[in-house]
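Subject: Model for you to look at

Hello,

Here is the model I promised to pass on. Please open it first, then read my notes below.

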Amino acid sequence: MKNKIITPHWEHFEHEADIGIRGIAPTLEQAFEQAAVAMTAVITNPDQVSTSKAVSIRCEAPDNELLLLDWINELVYEMAVQGLLFKLYQVAINDGKLSATAFGEAVDRQKHQPAVEIKGATFTELRVYQQPNGTWVAQCIVDV
Amino acid sequence: MDTSQFVQRDETSWEIPPKGNMRVPAIIYADAQLLQDMDQKVYEQITNVASLPGIVEAAYAMPDAHWGYGFPIGGVAAFDPEQGGVVSAGGVGFDISCGVRTLHTGLNMAELQPHKQALADELYRTVPVGVGSKGRIHLNHDSMHGMLRGGAQWALEQGFGEAQDLERIEEQGCMAGAEPRYVSSRARDRQKDEMGTLGSGNHYLEVQRVAEIFDETVARIFGLRINDVVISIHCGSRGLGHQIGTEFLKEMAMSAAQYQIVLPDRELACAPLTSTLGKQYLGAMRAGINCALANRQIITHLTRQAVAKVFPGIHLGLLYDVSHNTCKLEKHTMDGCKKDLYIHRKGATRAFGPGHADLPAVFKETGQPVLIGGSMGTSSYVLSGTAEGEQRSFSSACHGAGRAMSRSKATKQWRGKALIDELAAQGIIIRSPSMRGVAEEAPAAYKDVSAVVDIADRAGLARKVARLEPVICIKG
């Protein structure tokens, strides 16, 4: 039976040297969005980030797990090159093709107190799956 | 983990004999306590490494081994191209050629003491550190190419450093065989404003005091005396290395079937050394090594500028520069014959012994300096490579303490400001743009580096020369 009341949310999980990001939501897209919020939360408190800048992201991959890896790595790239932090994400996925908008602002070291930069998403604990109640989980370890 | 899974070979080495798909044994250097404290994932990962094509002798884990990506961090493995050997992006890691460089200052603690705060402020002002920091150098297409080919030698040509620095850097500061054409435009994009930046996480610049000498003779040759002040820089290839790792990891994972490689873990993604993909990765990874060597060279230059403002006329010479995330072609003796092998060191330091042909004359009798970074607030160590390390671990030693606690647990347990005050009371000055970053790097979140170094010494991987204590730490 589908669980209709689950609220999209994110969490971190333990890794000895680094940190795991996990999005949990009723849809695959929302699970990807929440995993990305979890990634921001590795760096800073997402509540401290505004949404004055929007960045479009597209990627595609042969399966959902590689798609999650690409999605997070695209965000890591955009953050690094444009000097941004993201707060909100809108993701659409069709036939292994992801198109998304990430909303955020330029890093402000005083305001955001960024703890650590992310080197990349990894295959470790990389899983995208649907629970028996229909909820989607999207997770991986990020190397910091 | 459970020590009964191992055959204890001697006081400091534990073997997992080949079983299942393992082609060679796996050997962990540790005492019973360190082994018990290691995550079971180290067992899984080191046995997986032992199953890769073309691996020779054994898969080794150093005393600081912990759960990594495919390879354990602290993993060492040698591959023979003539036996179908592979190169693995995960076996090098995301931060290609991350390493430690130590500089002499010629000062002693009494001379530093009155100027500690001023030096901390000057270093923090001069060396870009932390998330979002940019370097003052902007690379265009041509300068990027030169940097990727030339490493620290390129940096020297740009006016960063002194000619005599080069002989005290592995590969004399320039990794041969770099192929910039295999470094993507995205990897270059991530690097063009990041030259001469420290980064974040466990990276740092530290002013240290020589607190203890274990081997007077070697310490004298290394130029270390009790109470001397040295400066150590720990950082790597920044965004460029991370992007090379990200891209090749995925490509190797997706191409494994094409090369008939069965991966027990996708993170072990690899390609035959003789394949097109393997050669492309080697070319890009070597360019990544040059990026790290150039980066540490530029940071050295900035450090010299900062220190000279507080101590006019001072000269900072290199002790040595080591890398601990690499795959290098080296000659090693197997069954009495010299063989060309590709040595992966993931979170492990090269530790060539006395007489090695690649060492400068000054270290011919001592073996190479092996620089082991501590964590903020804890000791670092200087060791020297041994002759027996060749047989024990393809001349490799540990690289640091390794985390004992996750970042999220650390932030729950400590507050950055309180830690800084606590360390200040011990005479250690911390400068960092992020209080949370400081909490995540709390000294107690790491294993006891002294225990790790003791085992490396007792196992003969490298010999203890000196212990360094932090005085000032500039933290990302």
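B:Ser395 counts as buried, because 28 C-beta neighbours fall inside 10 Å. Bear in mind throughout that this is a predicted model. B:Ser395 sits in the loop between α10 (389-393) and β17 (396-397) of chain B. Its phi is near 55°, a positive value in a residue other than glycine. For context, most residues other than glycine have a negative phi.

B:Arg238 has a phi near 55° too, again a positive value in a residue other than glycine. This residue is found in helix α8 of chain B. B:Arg238 is buried, because 29 other C-beta atoms lie within 10 Å.

**The contact between the chains**

Helix α8 of chain B comes up again at the contact with chain A. That contact takes 34 residues from chain B and 27 residues from chain A. On the side of chain B that touches chain A, the elements giving two or more residues are β4 (55-69), α6 (185-191), α8 (238-255), α11 (407-413) and α13 (435-440). Which of them gives the most? That is α8(B), with six residues. By class, the chain B side has eight nonpolar, 14 polar and twelve charged residues.

An angle over 145 degrees counts as roughly antiparallel. Seven of the ten residues of α2(B) (residues 40-49) are buried, so the helix is largely enclosed by the rest of the structure. The buried residues are B:Val42, B:Tyr43, B:Gln45, B:Ile46, B:Thr47, B:Asn48 and B:Val49. They pack against β2 (13-16), β3 (26-29), β4 and β5 (71-79) of chain B.

Now turn to strand β9 of chain B (residues 228-235). Is it buried or exposed? Eight of its eight residues are buried, so β9(B) is largely enclosed by the rest of the structure. Side chains in a regular strand alternate between the two faces of the sheet. Both faces of β9(B) are covered. On one side are B:Asp228, B:Val230, B:Ser232 and B:His234. On the other are B:Val229, B:Ile231, B:Ile233 and B:Cys235.

β9(B) has antiparallel pairings with two strands that I would point you to. With β7 of chain B (residues 99-108), the pairing runs over seven bridges. There, B:His104 stands opposite B:Val230. With β8 of chain B (residues 204-213), the pairing runs over six bridges. Here B:Glu206 has B:Ser232 as its bridge partner.

**Helix packing**

β8 leads on to helix α4 of chain B (residues 116-126). Buried in α4(B) are B:Leu119, B:Ala120, B:Leu123, B:Tyr124 and B:Thr126. These residues pack against β8, α9, β18 (429-431) and β19 (462-475) of chain B.

Helix α9 of chain B (residues 276-310) also meets α5 of chain B (residues 141-157). Their axes come within 7 Å and cross at roughly 20°. The two helices are therefore roughly parallel to each other. The crossing of α5(B) past α9(B) is left-handed. Residues of α5(B) in the contact include B:Met147, B:Leu148, B:Trp154 and B:Leu156. Among those of α9(B) are B:Ile289, B:Asn290, B:Leu293 and B:Gln297. By class, the contact has twelve nonpolar, four polar and one charged residues.

In strand β15 of chain B (residues 369-372), B:Pro369 and B:Leu371 point one way. B:Val370 and B:Ile372 point the other way, and all are buried. Four bridges join β15(B) to β16 of chain B (residues 380-385), and the two run antiparallel. B:Ile372 stands opposite B:Tyr381 in β16(B).

Best wishes

Technical notes: Residues are numbered from 1 along each chain as its sequence is written. Chains are lettered from A and ligands numbered from 1 in the order in which they are written. This is a predicted model: local features need pLDDT of at least 70, side-chain atom pairs count only at pLDDT 80 or more; totals for chains, interfaces and linings use all residues. Axes are lines fitted to C-alpha atoms, for helices over the stretch in contact, and angles run from 0 to 180 degrees between N-to-C directions. Angles under 35 degrees count as roughly parallel, over 145 as roughly antiparallel, 65 to 115 as roughly perpendicular and the rest as oblique. A crossing is left-handed if the near helix is turned anticlockwise from the far one by less than a right angle, and right-handed if clockwise. Two residues are in contact if their C-beta atoms, placed from the backbone, lie within 7 Å. Ala, Val, Leu, Ile, Met, Phe, Trp, Tyr, Cys and Pro count as nonpolar, Asp, Glu, Lys and Arg as charged, and the others, Gly among them, as polar. A residue is buried if 20 or more other C-beta atoms lie within 10 Å of its own, exposed if 12 or fewer, and partly exposed in between; C-beta atoms are placed from the backbone. Two strands pair if DSSP finds at least two bridges between them.
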